[in-house]
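Colleague: Hey, I'm new to this one. Could you walk me through it?

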Amino acid sequence: MARTTARRGREVVVPDEELRDKALLVHERLCAAYGCPIPYFHDLDPLSELVSSLLSHRTKNADSGRAFRQLRARFPTWEGVRDAPLAEVEEAVAPVTWPEQKAPRIQQVLRDVTERRAGELSLDFLADLPVRAARDWLESITGIGPKTSAAVLLFSRLRMPALPVDSHHHRVAVRLALIPPGVTVGPAHRLLEAQLPPEWSAQQVYDNHEALMLHGQRCCFHLDPACHRCPVLDLCPTGQQRVSHELSAEGGGALRERGQRVTPTSAPAAGPHASPGVRGDSSLPARSPAG
Ligand code: SF4
């Protein structure tokens, strides 16, 4: 399991070698199944990516994409959104869940960025910071958590290697025992990021997140994971337990009949963009995690 140590006053997570090896093996298998390198789904500037992330929380991709487009059509600049009457912003983002909460939060975040940047409403300066410093800067703003900070750095055209963890990614990691079951999504960010090689590129970190997320969407389902066709079954204590229960309950016949694994052609087909509802509209914010 991981241990923590202090470095320059900051708590640093140090996973043991066995866990790091396992994380890499999971990455390789899932990458083979889901077709890495996986194309980026966004090419937004970092401030636009931030607004997109704030809109997407607990909202279907198509709805958050529509809200983003409506916002941009009504207010051509983010300064315009920041300074607009709240009711107009709320009306523009009406397709998302909780527009009455998200509209004032977006305006407040835009005001905070402006104030901290001495009048400049842009996040482009983050490109000049180390990843950890950039994340800390973002997370010091109320309403921005580790998932959103990582999304801004990784999904925007900054392309910085920061690992977001969404609910699918988190569920797969818990079932594989990459993180303990009691660790929630927020704290999981540091544990899972520490298992990846520090020299990895943004594309490799992106592939890791996308592959685990896609696995949660297409195989390791919330209620009834398809362990019999999972390419990491031999690495997964949850899957092993489920399979052995099923074997003893069914005498093994049904499982042996279903015993095929996920392959590049049987699971993700033509890659992540081929799955309706996973990405939504590729021209605008299809999905970004928030929180
Ligand atoms: S073996 Fe089952 S529980 Fe484990 S990762 Fe695969 S689908 Fe999920």
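Modeller: Ala177 is partly exposed, with 15 other C-beta atoms within 10 Å. This is a predicted model, where local features need pLDDT of at least 70, side-chain atom pairs count only at pLDDT 80 or more, and totals for chains, interfaces and linings use all residues. Residues are numbered from 1 along each chain as its sequence is written.

Colleague: Where does Ala177 lie, and what about its phi?

Modeller: Ala177 sits in the loop between α9 and α10. Its phi is positive, about 65°, although Ala177 is not a glycine. Most residues other than glycine have a negative phi. Helices here are DSSP runs (H or I, at least four residues), numbered from the N terminus.

Colleague: And Arg58, buried or exposed?

Modeller: Arg58 counts as exposed because it has 11 C-beta neighbours inside 10 Å. Arg58 is in the loop between α2 and α3 (61-74), and its phi is positive too, near 55°.

Colleague: New topic: how many residues of α8 are buried?

Modeller: Ten of its ten residues, 146-155, so to speak the helix is mostly covered. Among them are Lys147, Val152 and Phe155.

Colleague: What do they pack against?

Modeller: The buried residues of α8 pack against α2 (46-56), α7 (131-139), α10 (185-194) and α11 (202-218). Contact is when two C-beta atoms, placed from the backbone, lie within 7 Å.

Colleague: At what angle do α9 and α11 pack?

Modeller: About 85°, with their axes 7 Å apart. The axes are lines fitted to C-alpha atoms over the stretch in contact, and angles run from 0 to 180 degrees between N-to-C directions. α9 and α11 are therefore roughly perpendicular, a label for 65 to 115 degrees. The contact includes His168 and Arg171 of α9 and His209 and Met213 of α11.

Colleague: Last one: which peptide bond is cis?

Modeller: The one joining Cys36 and Pro37, with omega about 0°. Pro37 is in the loop between α1 (17-34) and α2.

Technical notes: A residue is buried if 20 or more other C-beta atoms lie within 10 Å of its own, exposed if 12 or fewer, and partly exposed in between; C-beta atoms are placed from the backbone. Helices (H or I, at least four residues) and strands (E, at least two) are DSSP runs, numbered from the N terminus. Angles under 35 degrees count as roughly parallel, over 145 as roughly antiparallel, 65 to 115 as roughly perpendicular and the rest as oblique.
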